[in-house]
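Please read this briefing alongside the model.

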Amino acid sequence: DLWKDTLLIVNTDHGFLLGEHDSWAKCWCPFYEEHARTPLFIWDPRSRVAGQRRASLTQTIDLAPTLLEFFGLEPTADMQGKSLRQTVADDTPVRQAALFGIHGAHVNVTDGRYVYMRAPATRQNEPLFNYTHMPCHMRHIFSVEEMRNIELAEPFTFTKGCRTMKIPANGLWENADTRTYRNWLWDTRTDPRQENPLDDAKIERRMIDLLVSLMKDNDAPAEQFERLGLKA
């Protein structure tokens with residue numbers, strides 16, 4: 001009878017291109033649906049819903065609050081995710097839009113149907129900084145040259161009162177093509193493979209407003225708006 005009191009979540013952290021969009025691998029920009037729209041399966045023994053799909057927009061930041069709520073615990077004040085208990089039960093939405101992307105590249109927003117990808121305003125892709133408590137890249141520590149220009153930034157809302165190191169970042173993408181420096185608008189309902197970008201100023205304006213609002217909610221530093229050519 002384990003299914004009577006066991007919460008099961010199956011998901012991935014990102015997708016992987018296998019030739020789609022003439023590209024290969026995971027950290028390739030723009031972040032198409034193959035990257036960003038990841039599998040998510042949830043069994044919640046309280047609602048016992050099985051074999052159904054949900055249309056509500058979710059993110060991986062919702063997994064921690066979902067687990068905490070299952071065990072009767074409150075999320076911490078700086079968690080932005082929402083428990084998916086009612087989404088699983090009856091498709092109750094938990095958000096209007098979601099922010100996603102990768103550091104130093106497009107910053108993207110989706111409302112579940114439209115996806116807007118905001119590119120750097122210039123090929124210099126500046127200003128751009130790393131904010132960190134641990135000066136390490138994925139495969140090596142920061143170099144002496146990088147550390148010479150370190151500053152201390154004021155705390156973010158999510159750093160619990162701690163200031164971070166602010167270190168200039170290299171904004172130039174190796175092997176970047178024209179897609180990296182172009183804004184994209186997609187209708188994933190009519191164009192799920194993202195082959196025909198939209199040119200619709202009204203929809204783009206609405207998506208930009210959502211993007212700016214979510215960037216502010218995530219305490220994006222001021223220079224990020226400048227890098228993307230946006231007004232905060």
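This is a predicted model: local features need pLDDT of at least 70, side-chain atom pairs count only at pLDDT 80 or more; totals for chains, interfaces and linings use all residues.

Residues are numbered from 1 along each chain as its sequence is written, and side-chain values use heavy atoms, with hydrogens and water left out.

**Overall fold**

- The protein chain carries six helices and 11 strands. Both are DSSP runs numbered from the N terminus: helices are H or I with at least four residues, strands are E with at least two.
- The C-alpha trace spans about 60 × 45 × 35 Å along its principal axes.
- Take contacts between residues at least 6 apart in sequence: 63% of them join residues at least 24 apart. Contact means heavy atoms within 4.5 Å.

**Surface and charge**

- Of the 232 residues, 36% count as buried. Buried means under 20% relative accessible area, exposed over 50%, and partly exposed in between, with a 1.4 Å probe and protein chains only.
- The protein chain exposes about 14,500 Å², and carbon and sulfur atoms supply 53% of that area. Areas come from the Shrake-Rupley method with a 1.4 Å probe; for residues, only the protein chains shown count as cover.
- There are 28 positive and 33 negative charges, and their mean positions are 2 Å apart. Lys and Arg count as positive, Asp and Glu as negative; His and the chain ends are not counted. Each charge is placed at NZ of Lys, CZ of Arg, CG of Asp or CD of Glu.

**Cysteines**

- The structure holds zero disulfides. A disulfide is a pair of cysteine sulfur atoms within 2.5 Å.
- For C136, the nearest cysteine sulfur is that of C162, 17 Å away.
- C136 is partly exposed, at 38% relative accessible area. C162 is also partly exposed, at 40%.

**N130**

- N130 sits in strand β8, residues 129–132.
- N130 counts as buried, with a relative accessibility of 17%.
- Leaving out residues up to four places away in sequence, N130 touches H103, H137, F142, M165, K166, I167, P168 and A169.
- I42 lies 88 residues from N130 along the chain, and their C-alpha atoms are separated by 35 Å.
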